[in-house]
Amino acid sequence: MGWYVAEEKAVNIWIDNRSEWKDLSFICPTFGAQCQKPQATENIVLSEAALLLNSFPEGSEVILECGRGYEKESGSGATVCTNREWSKPNLICKEMDCGLPKSEPNMKFNTSQGTRFRALVRVFCDKGYYLSGSSFKQCYPRGWVGRAKCKIVTCDQPGNVTNGMNLWNSEDRPKYGDTIEYLCNGGYTLVGKEKIVCTETGKYDSHPPECQG
């Protein structure tokens, strides 16, 4: 059982056969005393069980835990109501760090905002690849959120030439870096580039050649 100051005021009392005014504090036992609901902060909050409680009588214990975006570094979140005040928990919560995003093929990240909770990371693709999905990832309690893939750039199927042919023998579209070679029929001369290349823009580096007789 604890004690608390119930009231403090001046009263008239007799001392050595004379009346005097004295400031007295009335000390009362804490029967029925309660604590207010513990106050949450950004990094430390009440547990779900504590949130369901409506009263906190003397001697009651509640558990505090790390808030969203924070993780326990050390200590305990237990706090006890004593003399209408909560004991100070020694729980230490630190802001969570998602670390570097998982490496994916042909993908790069700009982590200038850091990798802690709520940080945004910009997503880039290597030359010859384009971004499919979100251009950002964000650090959340469950990790990085934001789906993205880097897909290789493709060019249109190469065009045919009169009195000649190209040697591309696939039904798939040429990809970045693929080379298309042309040949002319007998008696015709190739004018232009014999080989054209699919570039990072999705265009060839040159028009197809001509076969002139």
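Colleague: What is the relative accessible area of L167?
Modeller: This is a predicted model, in which local features need pLDDT of at least 70 and side-chain atom pairs count only at pLDDT 80 or more, while totals for chains, interfaces and linings use all residues. Residues are numbered from 1 along each chain as its sequence is written, and side-chain values use heavy atoms, with hydrogens and water left out. L167 is found in the loop between strand 15 and strand 16, where helices (H or I, at least four residues) and strands (E, at least two) are DSSP runs numbered from the N terminus. On a scale where buried means under 20% relative accessible area, exposed over 50% and partly exposed in between (1.4 Å probe, protein chains only), L167 is partly exposed, at 39%.

Colleague: Which residues make the nonpolar surface patch of about 250 Å²?
Modeller: Patches are made of residues with over 30% relative accessible area and no salt bridge, like charges being joined within 9 Å and nonpolar side chains (Val, Leu, Ile, Met, Phe, Trp, Tyr) within 5 Å. L167, with its relative accessible area of 39%, is above that cut-off. The patch is made by L167 together with M165 and L183.

Colleague: How far apart in sequence are the parts that the pair of D156 and R173 ties together?
Modeller: The side chains of D156 and R173 meet in a salt bridge at 3.4 Å, N to O, the term meaning a side-chain nitrogen of Lys or Arg within 4 Å of a carboxyl oxygen of Asp or Glu. D156 lies in the loop between strand 14 (148–152) and strand 15 (164–166), whereas R173 lies in the loop between strand 15 and strand 16 (179–184), so the parts tied together are separated in sequence by 17 residues.

Colleague: Which residue forms a salt bridge with D205?
Modeller: D205 lies in the loop between strand 18 (195–197) and strand 19 (210–212), and its partner lies in the loop between strand 17 (189–191) and strand 18, so the pair ties together parts that are 12 residues apart in sequence. D205 is partly exposed, with a relative accessible area of 37%. The closest N and O atoms are 3.1 Å apart, and the partner is K193.

Colleague: What is the angle between the planes of F56 and W86?
Modeller: F56 lies in the loop between helix 1 (48–51) and strand 4 and W86 in strand 7 (residues 85–86), so the pair ties together parts that are 30 residues apart in sequence. F56 counts as buried at 2% relative accessibility, whereas W86 counts as partly exposed at 22%. Rings of Phe, Tyr and Trp (its six-membered ring) pair if their centres lie within 6.5 Å, and planes under 30 degrees apart count as stacked, over 60 as edge-to-face and the rest as tilted. This pair is edge-to-face, with 5.6 Å centre to centre and an angle between the planes of 80 degrees.

Definitions and conventions
Areas by Shrake-Rupley, 256 points an atom, 1.4 Å probe, with all protein chains shown as cover.
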